[in-house]
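Hi,

Here is the structure I promised to pass on. Have a look first, and my notes follow below.

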Amino acid sequence: MVAKPFLKWAGGKGQLLPIINEKYPDDLATGRYQYCEPFVGGGAVLFDVLSKYPFQSVLINDINTEL
């Protein structure tokens, strides 16, 4: 199952995912990393990276308390 962003968000990065994917570290698939998402917004990058790579732990946040 693949999760998708949970809302449309101004400044959302869903359309930029192909470009963002090129910036992921080559050894991300090793499972040695923790993922921190300080500006989750609609979650496009979060759900993309979680659907592709294992992480020891995940921390998400956003300054917008409504999220």
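Four bridges link strand S1 (residues 34-37) to strand S2 (residues 57-60), and the two run parallel; strands pair if DSSP finds at least two bridges between them. Within that pairing, Cys36 has Leu59 of S2 as its bridge partner. Bear in mind that this is a predicted model: local features need pLDDT of at least 70, side-chain atom pairs count only at pLDDT 80 or more, and totals for chains, interfaces and linings use all residues. Residues are numbered from 1 along each chain as its sequence is written, and side-chain values use heavy atoms, with hydrogens and water left out.

Overall, the chain has two helices and two strands, in the order α-β-α-β from the N terminus. Helices (H or I, at least four residues) and strands (E, at least two) are DSSP runs, numbered from the N terminus. S1, helix H2 (residues 44-52) and S2 form a right-handed β-α-β unit; right-handed means that, with the strands pointing away from the viewer, the path from the first strand over the helix to the second runs clockwise.

On S1, Tyr35 and Glu37 sit on the covered face, while Gln34 and Cys36 are on the uncovered one. In H2, the buried residues are Ala44, Val45, Leu46, Asp48 and Val49 (buried is under 20% relative accessible area, exposed over 50%, partly exposed in between, with a 1.4 Å probe and protein chains only). Their cover includes helix H1 (17-21), S1 and S2. Across the chain, buried residues make up 25% of the 67 residues.

Now for Asp62, in the segment after S2. Asp62 is buried but has no salt bridge (a side-chain nitrogen of Lys or Arg within 4 Å of a carboxyl oxygen of Asp or Glu). The nearest side chain of opposite charge is Lys13, 7.6 Å away; Lys and Arg count as positive, Asp and Glu as negative, and His and the chain ends are not counted. What does the side chain of Asp62 reach at 3.0 Å? The backbone nitrogen of Asn64. A polar atom of the Asp62 side chain also lies 3.2 Å from the backbone nitrogen of Val40.

Last, Gln56, in the loop between H2 and S2. Gln56 is exposed, at 54% relative accessible area. Leaving out residues up to four places away in sequence, Gln56 touches Gly31, Arg32, Tyr33 and Gln34 (contact means heavy atoms within 4.5 Å). Gln56 and Tyr35 are 21 residues apart in sequence and 8.0 Å apart in space, C-alpha to C-alpha.

Cheers

Note on methods: Polar contact = N/O pair within 3.5 Å; in protein donor to acceptor, adjacent residues only side chain to side chain.
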